[in-house]
Amino acid sequence: MGSNSSRISDLPKNEYLKKLSGTESVSENDPFWNQLLSFSFPTPTSSTELKLLEEATISVCRSLVENNPRTGNLGALIKVFLSRTKELKLSAECQNHIFIWQTHNALFIICCLLKVFICEMSEEELQLHFTYEEKSPGSYSSDSEDLLEELLCCLMQLITDIPLLDITYEISVEAISTMVVFLSCQLFHKEVLRHSISHKYLMRGPCLAYTSKLVKTLLYNFIRQEKPPPPGAHVLSQQSEGGGLLYGLASGVATGLWTVFTLGGVGSKAATNPELSSPLANQSLLLLLVLANLTDAPDAPNPYRQAILSFKNTQDNSPFPSSIPHAFQINFNSLYTALCEQQRSGQATLLLYTLLHQNSNIRTYMLARTDMENLVLPILEILYHVEERNSHHVYMALIILLILTEDDGFNRSIHEVILKNITWYSERVLTEISLGSLLILVVIRTIQYNMTRTRDKYLHTNCLAALANMSAQFRALHQYAAQRIISLFSLLSKKHNKVLEQATQSLRGSLSSSDVPLPDYAQDLNVIEEVIRMMLEIINSCLTNSLHHNPNLVYALLYKRDLFEQFRTHPSFQDIMQNIDLVITFFSSRLLQAGAELSVERVLEIIKQGVVALPKDRLKKFPELKFKYVEEEQPEEFFIPYVWSLVYNSAVGLYWNPQDIQLFTMDSD
């Protein structure tokens, strides 16, 4: 097509692409490859651009699928790329823009082709396409080198060994994206893959040696959040806005340059989404999560998960046990900072969950931090904006809180951290509040939202478990937090009475009409009573363990004392009501003695004085409330679809037709 600009719709007629996908074999030493790889355009990023590119090149890809068994051109292209990567590190050191640019282009084409191949054929068929050579139609050599394994190893080596410079940024992103594409066969299966060919390559043989180095590099890419180089700092840049994108230096390399196109003039615009301000960090995190959630091999555990659960702080000088493979060290302070700053994305929250749950070194480090508010506040903000988040992101945030509240030191320290002016909390102006009280407010708000909207028992259970874990350590509760605890109990009480009334009316109606099936009010009542008992246990735990620290909670109890009257004689709550009833009766008596028309300040003063006089031995002791997060028996059934939904929605430069996706539905969270 010469050196003129062209529309993307002209790509199927491009002579170089037609030759690559045609019936003629092209030797890996043919000058054709220099011509094919000498193109320049902004790498597409948005789904619209990527969809246009895929639609324009799908016929080329399908033609290659049909002809590759006779030509072996896919293998030749990969060999060209592999030979170039051997000189890539030296080219980066020598600032050889043209060589790196063409190598990037080779990988970009390979990635585009692989995506179509993986979507349209089985892994076994794909493996065959890597073995076809220039021989008789459909022939392949069983003793030839394993190009698929060699390519995977090469990508891992490129990611870990090539220095990150302006001129290598694009190829580093492309290498990570290509590895994601290699593993994307999971997208086209409804069931979780447990015996994938690509998994086998990554978990044994030459690739295995790169495990810890790859995980460490991907983590550091996430930590550093390196932004792409500015326009003009690398070879894939425009000479003028909206004009031809032909790179000047390249014009002397090959006489027949691949036509340049602009994808409608939007391809080079900087991403406005803050999550994508660093494509390298974004892709690295997604690949890391995909690798961490690969299923174990039949004869060996997932080495990438092993690396994630065992790495240590760079300041930890203790030796690694010989039983821990793939161990490495990383700067925990830098990782902690990045995790605090990036929680707006679902993938960063999933990484935080993974590390807290599986890596005891990082969990111990985080719980010892004196600035836990930097981590907890972003998590609370996720829960506060529950309406704007998908359910998986909310669950991850909630489980993180549950894991943190398993630690008594955390539960004590959050009440010592005083926050000022929480601007995102809009229900009430909070000029000064402890982190612990804010946490209680947000969790209670999540419960109330769930009661009126999603009605998810799992979410209820985890919210209440987090509150229960903290309850014995409640300290100096903010008056609004104390009010919200009692308000939630009031809401549950009203709901209990309503269901009880509906059950009674339904029972009366059934006596006159035996043909109408009864709603299962007994089950609804049972669920509500379980939640009510949990709330009573939380209040009781606070009263028995830290009554003297929480006059505002006693005040709220006294103000709404009538709420608890109906539960005093209820068989499900009689035992747990003893202490609450004792506290209400004791302080009510003291207030009566003080006379009528008492101010709020005077009531609080009487409560503080009464706390000293209340005989502690009269409060019945109950077992300590402690709930521990336990992962389900087959967590991969949840996490693998979730990880791939994050990849599908968040990966830069990758597009899949939603109609082809089998692993999850497009309208699901």
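How many disulfides does the structure hold? In this predicted model, the number of disulfides is 0. A disulfide is a covalent bond between the sulfur atoms of two cysteines. For Cys-112, the closest cysteine sulfur belongs to Cys-111, and the separation of 6.0 Å is too far for a bond, given that a disulfide requires the two sulfur atoms to lie within 2.5 Å. Cys-112 is partly exposed, its relative accessibility being 23%. Cys-542, by contrast, is buried, with a relative accessibility of 0%.

Side chains of opposite charge can pair when their charged atoms come close. In the predicted model, 20 salt bridges are counted. One of them joins the side chains of Arg-194 and Glu-636, with an N to O distance of 2.9 Å. Because Arg-194 is situated in the loop between α9 (169-182) and α10 (197-203), whereas Glu-636 belongs to helix α27 (residues 636-650), this pair ties together parts that are 442 residues apart in sequence. The two partners fall on either side of the 20% cut-off for burial: Arg-194 is partly exposed at 31% relative accessibility, while Glu-636 is buried at 18%.

A second salt bridge is formed by the side chains of Arg-568 and Asp-581, with 3.2 Å from N to O. This pair links distant parts of the chain, since Arg-568 is placed in the loop between α24 (551-559) and α25 (574-594) and Asp-581 in helix α25, 13 residues apart. Arg-568 has a relative accessible area of 36% and is accordingly classed as partly exposed. Salt bridges with shared partners also connect Arg-194, Glu-636 and Glu-637 in one network.

Lys-312 is buried, with 5% relative accessible area, and Asp-316 is partly exposed, with 26%.

Helix α27, which contains Glu-636, also contains Ser-650. The latter residue is buried, having a relative accessible area of 13%. Ser-650 and Gln-283 are 367 residues apart along the chain, yet their C-alpha atoms are separated by 8.5 Å.

Rolling a probe the size of a water molecule over the atoms shows where empty space is left.

At least two residues come from each of α20 (435-452), α21 (457-471), α22 (479-512) and α23 (521-546). In terms of domains, at least three lining residues are drawn from each of domain 2 (331-472) and domain 3 (477-505 + 520-623).

Technical notes. Residues numbered from 1 in each chain as written. Predicted model: local features only at pLDDT ≥ 70, side-chain atom pairs only at ≥ 80, totals over all residues. Heavy atoms only, no water. Helix = DSSP H or I, 4+ residues; strand = E, 2+ residues; numbered from the N terminus. Domains from an automatic or database assignment. Salt bridge = Lys/Arg side-chain N within 4 Å of Asp/Glu carboxyl O. Buried < 20%, exposed > 50% of the residue type's maximum accessible area, 1.4 Å probe, protein only.
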